[in-house]
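The sequence and the coordinates are shown below.

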Amino acid sequence: MELQDDVGLHYGYFGIDFEDKKQKWLVDNVHIYGYPGCVYKNEKQIDAENYMYGDSGKWAKESDSENRLRYKIPTSPGQSGSPVYIQEGQYSYCAVGIHTNGDIPWNSGVLLSGRVKKTINLWLKKIHLEASLASGSKN
């Protein structure tokens, strides 16, 4: 799909922090929003199929690993893969992790480290190569 306009100029951009600066932003609030399969309110399951849900909260002081993030934010089944992000300015947000686990009292995710960036870049190259081969392009 090609867009005629630069959507980012109108709606903004969502940055990604691969710089392993975990200590720099641990003082900030953390946010998680996504599209869970269901949510629970007052211990009652509510269908959330077409609605975005999320919340903000605090980081855990320590994590079980330097590659993991821990935070005290309620999440629901299906929110795995949602960005874990911080606000860097009035209208600027930056993903620093990917939500993977819900647990009591802390939820957790994977830190977007340099190692994760290399893996994502390899996946993107593979997808580009497969698309080029499928279309018959030699690029």
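## Surface patch and aromatic contacts

In this predicted model, Ile127 has a relative accessible area of 53%, and it therefore counts as exposed, the cut-off for that class being over 50%. Ile127 is located in helix 3 (residues 114-135). Together with Leu122, Trp123 and Leu124, Ile127 makes up a nonpolar surface patch whose accessible area totals about 470 Å².

A separate topic is the pairing of aromatic rings. Such a pair is described by the distance of the centres and the angle of the planes. The count here is two aromatic pairs, listed in the table.

| Aromatic pair | Centre to centre | Angle between planes | Geometry |
|---|---|---|---|
| Trp59 and Tyr71 | 6.1 Å | 80° | edge-to-face |
| Tyr85 and Tyr93 | 5.7 Å | 85° | edge-to-face |

The pair of Trp59 and Tyr71 ties together parts that are twelve residues apart in sequence, because Trp59 belongs to strand 5 (residues 53-59) and Tyr71 to strand 6 (residues 68-72). Both Trp59 and Tyr71 are buried.

For the pair of Tyr85 and Tyr93, the planes stand at 85°, and the pair is therefore edge-to-face, as this class requires an angle over 60 degrees. Tyr85 is buried, its relative accessible area being 11%. Tyr93, in contrast, counts as partly exposed, with 29% relative accessibility.

A further contact involves a charge and a ring. The charged end of Lys72 is placed over the ring of Trp106, at 5.0 Å from the ring centre.

Notes: Residues numbered from 1 in each chain as written. Predicted model: local features only at pLDDT ≥ 70, side-chain atom pairs only at ≥ 80, totals over all residues. Heavy atoms only, no water. Phe/Tyr/Trp six-rings, centres within 6.5 Å; stacked < 30°, edge-to-face > 60°. Helix = DSSP H or I, 4+ residues; strand = E, 2+ residues; numbered from the N terminus. Buried < 20%, exposed > 50% of the residue type's maximum accessible area, 1.4 Å probe, protein only. Lys NZ or Arg CZ within 6 Å of the ring centre and 35° of its normal. Patch = residues over 30% accessible without salt bridge, like charges linked within 9 Å, V, L, I, M, F, W, Y side chains within 5 Å. Areas by Shrake-Rupley, 256 points an atom, 1.4 Å probe, with all protein chains shown as cover. Salt bridge = Lys/Arg side-chain N within 4 Å of Asp/Glu carboxyl O.
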